[in-house]
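Welcome, and thanks for opening the viewer.

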Amino acid sequence: MYRAWLAGTGASLPEKVLTNHDLEGMVDTSDEWIVQRTGIRERRIVQEGEVTSDLAIAASRQALEAAGIQPEDLGAVIVGTVTPDKVCPSAAVFVQNALGAVNACAFDLNAACTGFVYSIAVGSSFIQTGLCEHVLVIGAEALSRFVNYSDRNSCILFGDGAGAAVLSRQKDGEDSHIIDSQLFADGGARDLIQIPAGGAALPASPETVEARQHCLSMNGREVFKFATKAMVDLINTSLERNGFKYEDLDIIVPHQVNSRIIDTALKKVDVPKEKIFINLDKYGNTSAASVPIALREAVEEGRIQKGNLVLFVAFGAGMTWGYNLLRW
Ligand code: UT7
């Protein structure tokens, strides 16, 4: 078995900003309510003609440059997304083609907000087994195309963006590596967050469009409870399974879901808030893109240093949840 390590990161955000004040003009809400209940102040959204793969490609170019890897070296391109450009083909083939990753297989991975964490686990297993030497892993979303901007319960939360990471086979003498990943799912809770129409169960029709069933719908309170418990369980499981204590952790990069969910979870574990990287005030919840966008910012700000013990935790529709634990 080989070891995989994370060789480079990248991120891309649309230029267009949608502030809480902008939303005040669209639904019955206020900047004060949104900041107090979620911590979000603004989010980025795609403009007309801009698509998920555009963001994914820009983030990927940065990650490849940071890793010093050429597109031809890639054995796989994996895009964690629930908002691909088209239902078919995958967003990943658009990325693979634009980059010129001629030797890579390419596929999307739908695990909602856990998409990037799932993709890291899958990509690193390709490296561990020797199937690939380098894998490009992306989280990319254009959620604004699926948000119902008349539903104040959900439209305040979501934003668009992409983040990427290059996974590579560990070099001789290096200690940086992905220590462990664990992935979980509970399809019994599949109705908590969903896009009801547009799939085989409810194909597009004038009625589904009229009823806005192609938009995301969500049971916010139940998701809140689920996410809080998942975050606590993931932190505890990742440490217990690998023989670490709370104080060994240098930084947690969580799914940027809601600052109250993160604060509530932190009361149940012995990890100080300074060890949690949060940027949701600027971008909202970008689903699969949120962990890699936050990761890129944490790296750029020098919050992650060589030798650090780093934990990614995420949870979302499905329900799905999971972690990656890394020695940076
Ligand atoms: O990646 C996972 C994606 N999903 C999530 O992250 C959702 C997780 N859940 C949440 O973040 C929170 O549940 C929300 C932010 C969605 C809602 O916050 P909450 O504190 O759970 O509010 P609530 O649903 O308990 O509603 C409290 C009140 C209600 O009014 P009444 O019934 O008390 O009169 C809502 O109608 O707040 C009202 N409300 C709003 N008021 C102003 C709900 N949304 C809004 C809004 N502006 N945007």
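Start by selecting helix α3 (residues 52-67), which lies across β1, β6 and β7 (161-169) and runs at about 130° to β1. Helices (H or I, at least four residues) and strands (E, at least two) are DSSP runs, numbered from the N terminus. Angles run from 0 to 180 degrees between N-to-C directions, and axes are lines fitted to C-alpha atoms, for helices over the stretch in contact.

Contact here means heavy atoms within 4.5 Å.

Before moving on, a word on the model. It is a predicted one, where local features need pLDDT of at least 70 and side-chain atom pairs count only at pLDDT 80 or more, while totals for chains, interfaces and linings use all residues. Residues are numbered from 1 along each chain as its sequence is written, and side-chain values use heavy atoms, with hydrogens and water left out.

**The sheet**

Next, colour the strands. In what order do the five strands of the open sheet come? The order is β1-β7-β6-β4-β5, and the pairing is mixed. Two strands pair if DSSP finds at least two bridges between them. β1 (4-12) and β5 (105-109) stand at the edges with a single partner strand each, so one side of each has no neighbour in the sheet. On average, neighbouring strands of this sheet are turned by 20° against each other, direction ignored.

Zoom in on strand β4 (residues 76-80) and strand β6 (residues 134-141): they run parallel and are joined by five bridges. Pick V79, and you will find its bridge partner, I138, in β6.

**Backbone stops**

Select C88 and P89, which are joined by a cis peptide bond with omega of about 5°. P89 is in the loop between β4 and α4 (91-99). Another cis peptide bond joins G318 and M319, with omega about -5°; M319 belongs to the loop between β12 (309-316) and β13 (320-327).

Go to A112 in the loop between β5 and α5. Its phi is near 50°, a positive value in a residue other than glycine. Is A112 buried or exposed? A112 counts as buried, at 5% relative accessibility. Buried means under 20% relative accessible area, exposed over 50%, and partly exposed in between (1.4 Å probe, protein chains only).

R212, in the loop between α7 (206-210) and β10 (217-218), also has a positive phi, about 55°, although it is not a glycine. R212 counts as partly exposed, at 43% relative accessibility.

**A buried asparagine**

Select N324 in strand β13; this residue is buried, with a relative accessible area of 0%. Not counting residues up to four places away in sequence, N324 touches V117, I120, A121, D180, S181, V310, L311 and F312.

**Two crossing helices**

Finish with helix α8 (residues 220-242) and helix α9 (residues 259-266), whose axes come within 9 Å and cross at roughly 45°. α8 and α9 are therefore oblique to each other (angles under 35 degrees count as roughly parallel, over 145 as roughly antiparallel, 65 to 115 as roughly perpendicular and the rest as oblique). Show the side chains where they meet: F224, A227, T228, M231 and V232 in α8 against R260, I261, I262, T264 and A265 in α9.
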